[in-house]
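Welcome, and please take a moment to look over the sequence and the 3D view below.

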Amino acid sequence: MKVSNGFAGAVGNTPLIRLDGLSRETGCEILGKAEFMNPGGSVKDRAALYIVKDAEERGILGPGGTVVEGTAGNTGIGLAHICNARGYRCVIVIPETQTREKIDLLRTLGAEVHTVPAVPYSDPGNYQKVAGRMAEEQDNAIWANQFDNTANRRGHYETTAAEIWDQTNGGIDAFVAATGTGGTLAGVSRYLKAQNDAVRVVLADPSGSALCHYVEQGSPEPAGAGSITEGIGSSRVTENLAGTAIDWAYTIEDTETVPMVYRMLREEGLFLGSSSGVNLVGAVRVARELGPGHTIVTVLCDGGGRYYSRLYNRDWLAEKGLSPDG
Ligand code: PMP
């Protein structure tokens, strides 16, 4: 029998999908790792699972314990599922700017959700810092700390990257992705470069993020006017991202991202979130940079169902000066 052991056993081993139109257009193989097919619906199931397993193994999370996290949504959703499956309480602190869909889903899954104003990382009221304090105030509680807890990166090193290497028979030329915590990009970069140092690793950074400048100049500096994307972009270099080899970076504008996700829906039947759009725009740029004949892998991080009210709402897009048609 081929059976997965519970929720945790169903995380990972996602398909690598060839995107026909983008591949034809560029003469490259453009491949998307279908992370929206994880049981909690996003790439963050992997990080959530590794963080919980790591805390259990280190003996800091015991039966009936609590997992607290500051999250833009997907990590919280992954954690809420895993906490249910393992008998933990889940407490989530989320910026109130995140979509209603994600906040409602977290509550439906049984997490205790605290919404807080979206303020910069330097502010003590920042959602990540509030989560850290909440965990400290409770017994038998851990702060998942996805940004600086490198169990997150290890999850991608041991699973996402190893799967990509296997699925491409080691024939990958470049990996491109946006980062939130940096776990995906850093874990995958470290693994792939350990197999073959010639594999290029490229950051696709949404407008407003400081990481493109970090890759190019060595220090984080915001570039661009900002972005409607969620869960990606950063003002700082996290522990997960620090010390990772990244060959080059692009700033990606929403005017490219939005038409890309609508194109994927029309052309490939793939209903994706905005970060997948950033990743695919990045993948096409890498393909143009390298020229035909290369294999480029990126991540389809989550599905469009988490973004009905924004990315898939034409009125909301129009208010932002954006259109599905570019
Ligand atoms: N896309 C989405 C939709 C996300 O929620 C996240 C994580 N916040 C990412 C991409 C980025 O992943 P990572 O945290 O591994 O950098």
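The report starts with some ground rules and then moves from the ligand to helices and loops.

## Ground rules

This is a predicted model, in which local features need pLDDT of at least 70 and side-chain atom pairs count only at pLDDT 80 or more, while totals for chains, interfaces and linings use all residues. Residues are numbered from 1 along each chain as its sequence is written, and side-chain values use heavy atoms, with hydrogens and water left out.

Helices (H or I, at least four residues) and strands (E, at least two) are DSSP runs, numbered from the N terminus. A residue is called buried under 20% relative accessible area, exposed over 50%, and partly exposed in between (1.4 Å probe, protein chains only).

## Around the ligand

A polar side-chain atom of Thr184 sits 2.6 Å from an oxygen atom of the ligand, and a polar backbone atom of Gly180 is 2.7 Å from an oxygen atom of the ligand. A nitrogen atom of the ligand has a backbone N or O atom of Gly231 at 2.8 Å. On its own the ligand has 390 Å² of accessible area, and the protein covers 95% of that. Accessible areas come from the Shrake-Rupley method with a 1.4 Å probe, and for residues only the protein chains shown count as cover.

## Helix α3 and its cover

Helix α3 (44-57) has 14 residues and reaches 20 Å from its first C-alpha to its last, close to the 20 Å expected at 1.5 Å a residue. The expected span is 1.5 Å times one less than the number of residues. Because 11 of its 14 residues are buried, α3 is largely enclosed by the rest of the structure. Among the buried residues of α3 are Lys44, Asp45, Leu49 and Val52. Their cover includes α1 (6-9), β2 (29-34), β3, α4 (74-86), β6 and α7. Just after α3, Gly59 has a positive phi of about 75°.

Leaving aside neighbours within four places in sequence, Val52 is in contact (heavy atoms within 4.5 Å) with Leu61, Val67, Leu79, Ile82, Arg86 and Tyr88.

His156 belongs to helix α7 (residues 151-167). Is His156 buried or exposed? His156 counts as buried because its relative accessibility is 0%. Not counting residues up to four places away in sequence, His156 touches residues including Val43, Arg46, Ala47 and Thr184.

Helix α11 (residues 274-290) has 17 residues, which should span 24 Å at 1.5 Å a residue; the end C-alpha atoms are 25 Å apart, which agrees. In α11, 14 of the 17 residues are buried, so the helix is mostly covered. Gly291 follows α11 and has a positive phi, near 90°.

Pro63 lies in the loop between α3 and β3 (66-70) and is exposed, with a relative accessible area of 81%. Pro63 touches Tyr88 and Asn140, not counting residues up to four places away in sequence. Pro63 and Asn140 are 77 residues apart along the chain, with their C-alpha atoms separated by 8.6 Å.

Asn145 is in the loop between β6 (141-143) and α7, and its phi is positive, near 50°. Asn145 counts as buried at 17% relative accessibility. Asn169, in the loop between α7 and β7 (174-177), has a positive phi near 50° and is exposed, with a relative accessible area of 73%.

Notes
Polar contact = N/O pair within 3.5 Å; in protein donor to acceptor, adjacent residues only side chain to side chain.
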